[in-house]
Amino acid sequence: MTATIGIPPLASDLEFLSIVSQWDLEAPYHQWSATTLVPPTFRPAQTPRVFVVTNNKGGVGKTTTAVELAAAWAAMGLRVRLIDADPQNAAITYWLGVEYPAGLGVEERFNLRHVFLGAPVDPLRPNGPTREVSLDEATYPTRFKNLSVVPCESDLTRVEYERTGGTDNALKFALAEAREPFDVTVIDASRTMSLVTLSCLIASDEAIIPVKPGALDAQGVLSINSTIEAIQRRENPKLRVAAILTTMWEKSDLAREVEEQAAEDYPNAIVSPIRKTTKVGEAPATGQPTRLHAPRATAVADYGQVARLLLDPVRTS
Ligand SMILES: Nc1ncnc2c1ncn2[C@@H]1O[C@H](COP(=O)(O)OP(=O)(O)O)[C@@H](O)[C@H]1O
Ligand SMILES: [Mg+2]
């Protein structure tokens, strides 16, 4: 097994975004710059906490956000469980890699599907009797200190038609029954509103919404809003939208409009840009978070700052 790689703290001389408690909507365009909005009503969360990164659009930076926040929290010394819940890409599983125990056969490896559907009692008899699989059994270390992953494969979609009822609450119960002492759980949810995605939203305390500024988002509410509202109304009243992150951020009227709209829709949430950095796109191929691949990248500073703001450092450091 590869030696565990510690994720170091960020250099203090990075160019962090300034933090404001309110937008200056009157500022002319040339004076306006990227800032992180932390409204006075925002309260950081305390551990243990479950975050879901969600948006019903693809390519908005969900996986990147899940990995970089998880890496930032792991660097703060928090024990992080990262759940890959997007069967379309299984991106986290391939990005960070999973360290299976030596000698464990491929058929004995668990992933998120097994948490929902169970596994054969005898791995060599796939059609034999099945048993339940706990979240802890499906959680494996990565090469990175404090960072563990619940992998997923494309067959996670089998949950949609194979599970007989109770899928909505399955992840919530699995988390409640888990015994491994993780401080933070981060779920990378699929853009598809599947039963698994619903289960992720029901299991979570906090939602992080990455948004890639687009014309429609600026005109009206973000398209994820109605989903979040429905979940809060029906299944998970305690789900809080903690942050809206404008990813791949570049200065533009559109970015500004989307940020203003986000602040209006979620007046108690952090709204922060994550600056566009080509290094982010390179990181998955290097098998490590951008934070290790390019520790001085602007997006790394932005994710680091948001990670610190989201959790109460007094309780968690
Ligand atoms: N801040 C950023 N700067 C530059 N590229 C980014 C940034 N955030 C995300 N990307 C790129 O955008 C693409 C989509 O991101 P990804 O996290 O896979 O989105 P999703 O999980 O929502 O589909 C990826 O190629 C990723 O590298
Ligand atoms: Mg993704």
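Predicted model: local features only at pLDDT ≥ 70, side-chain atom pairs only at ≥ 80, totals over all residues.
Local features are reported at pLDDT of at least 70 and side-chain atom pairs at pLDDT 80 or more, while totals for chains, interfaces and linings use all residues. Residues are numbered from 1 along each chain as its sequence is written, chains are lettered from A and ligands numbered from 1 in the order in which they are written, and side-chain values use heavy atoms, without hydrogens and water.

Around ligand 1 there are 14 residues (a heavy atom within 4 Å of the ligand). Those that come nearest are G59, K62, T63, T64 and T277. A backbone N or O atom of G59 lies 2.8 Å from a ligand oxygen, and a polar backbone atom of G61 is 2.9 Å from a ligand oxygen. For T64, an N or O atom in the side chain is 2.6 Å from an oxygen atom of ligand 1.

Two packed helices are described by the angle between their axes and the distance between the axes. Helices are DSSP runs of H or I with at least four residues, and strands are runs of E with at least two, numbered from the N terminus. Axes are lines fitted to C-alpha atoms, for helices over the stretch in contact, with angles from 0 to 180 degrees between N-to-C directions.

The axes of helix 1 (residues 62–75) and helix 12 (residues 298–310) come within 9 Å and cross at roughly 65°. Helix 1 is therefore roughly perpendicular to helix 12 (65 to 115 degrees). The contact (heavy atoms within 4.5 Å) is made by T64, T65, E68, L69, A72 and W73 of helix 1 and by Y303, G304, V306, A307 and L310 of helix 12.

Helix 5 (residues 167–177) and helix 6 (residues 195–203) have axes that come within 7 Å and cross at roughly 45°. On helix 5 the contact is made by T167, D168, N169, A170, L171, K172 and L175, and on helix 6 by L195, L198, S199, C200, I202 and A203.

Two loops hold the remaining features. A cis peptide bond with omega of about -5° joins T47 and P48, and P48 is in the loop between strand 2 (35–37) and strand 3 (49–53). N146, which is not a glycine, has a positive phi of about 70°; N146 lies in the loop between strand 7 (140–141) and strand 8 (147–150).

Methods. Polar contact = N/O pair within 3.5 Å; in protein donor to acceptor, adjacent residues only side chain to side chain. Parallel < 35°, antiparallel > 145°, perpendicular 65-115°, else oblique.
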